[in-house]
Structure formats: C-alpha cells, structure tokens
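Trainee: I would like to go through the salt bridges of this chain with you. Please show the model.

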Amino acid sequence: MTEQAWAILRPHRIRWAECDLYGHVNHAAYLTLFEDLRVDHWQSLSGAPIAPDRPGPVVAEIQARYLRAVGFADEVMLACRVASFRRTSFVHEYALLKDGEACCTARAVCVVTRQDTGEKIPLSPELRAAFLAGGATEG
C-alpha cells in the first residue's frame with residue numbers, strides 16, 4: 001500500500017450482522033464495507049449518484065489481506081484512496097483500522113463503464129485531476 005493520505009476516513013462500529021458465529025467480522029463483510037466507501041468516493045468525485053444512465057466504476061479485480069481479527073462492537077476506522085489510474089481504470093486501496101493499526105487491507109481495480117452496454121469509458125480530465133490531487137500516480 002502507498003503512504004499517501006486517505007481520501008475518506010470514517011468511523012464505524014462493527015454490527016452483529018457483520019460478524020460470524022464467533023463474533024468476528026466475516027471475511028465477506030469487509031468487502032461490503034469497502035464497497036460502501038467505493039460508492040461514496042465515486043459519488044463525491046463525480047458529483048453525481050451512481051445510476052444506470054451514467055458511467056460508473058465496476059470492480060474488475062479485488063484482493064484482500066486479513067491481518068488481525070475484529071469483533072462485534074469494535075470501534076474502527078474505514079479508509080479508502082485512489083493509488084493509481086490509467087486510461088479507463090483506477091486502483092482503489094482500502095483499510096479497516098483499529099487503534100491505528102490495519103486489521104484488513106484491500107486493493108480493487110475498478111474500470112469505468114457505461115452501465116447499459118458495459119463499454120469502457122475514458123476517465124474525464126476532471127477525474128484524472130482529482131486523482132492526481134489526492135496523491136494518485138498515473139500509469
């Protein structure tokens with residue numbers, strides 16, 4: 001993961017619905033939490049909600065690394081940022097932090113597509129500028 005600042009950093013209290021039988025966060029719940037960050041980040045950058053009639057990000061690849069257990073009612077921070085981008089895609093980095101330490105990290109390659117056809121759409125100059133301003137690298 002890069003050392004740049006997080007674009008989104010928000011507190012979260014782990015809900016029982018996010019946990020398994022033993023009270024630990026279920027592995028799939030991390031991805032759902034990161035999805036919420038991805039949607040919020042895209043909407044803040046694009047200035048519009050995700051909708052079927054607008055281009056939006058589609059996850060082409062995702063990987064997660066589980067570093068430390070997190071449990072029911074734990075107070076954590078959820079974080080995301082764009083690490084790099086290319087012509088039609090970008091790499092989102094995520095982290096779930098507890099007491100300042102990463103408990104789970106993830107990276108997703110997101111491709112911007114037309115939602116009706118699946119056609120790849122080049123990143124707009126405004127979006128590219130926002131990614132660069134946030135510390136992302138091009139290429």
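Trainee: Are Glu93 and Arg81 buried or exposed?

Mentor: This is a predicted model, where local features need pLDDT of at least 70, side-chain atom pairs count only at pLDDT 80 or more, and totals for chains, interfaces and linings use all residues. Residues are numbered from 1 along each chain as its sequence is written, and side-chain values use heavy atoms, with hydrogens and water left out. Buried means under 20% relative accessible area, exposed over 50%, and partly exposed in between (1.4 Å probe, protein chains only). By that scale, both Glu93 and Arg81 are buried.

Trainee: Which residues are joined with Glu93 into one network?

Mentor: A salt bridge puts a side-chain nitrogen of Lys or Arg within 4 Å of a carboxyl oxygen of Asp or Glu. Glu93 forms one with Arg81, their closest N and O atoms being 2.9 Å apart. Salt bridges with shared partners join Glu93 into one network with Arg81 and Arg107.

Trainee: Which strand holds the salt-bridge partner of Glu75?

Mentor: The partner of Glu75 is Arg13, with 3.3 Å between the closest N and O atoms. Strands (E, at least two residues) are DSSP runs, numbered from the N terminus. The pair links distant parts of the chain, 62 residues apart: Glu75 is in strand E3 (residues 75-85), and Arg13 is in strand E1 (residues 8-13).

Trainee: What is the relative accessible area of Asp53, the partner of Arg54?

Mentor: The two side chains meet in a salt bridge at 3.4 Å, N to O. Arg54 is partly exposed, at 29%. Asp53 is exposed, with a relative accessible area of 63%.

How values were computed
Helices (H or I, at least four residues) and strands (E, at least two) are DSSP runs, numbered from the N terminus.
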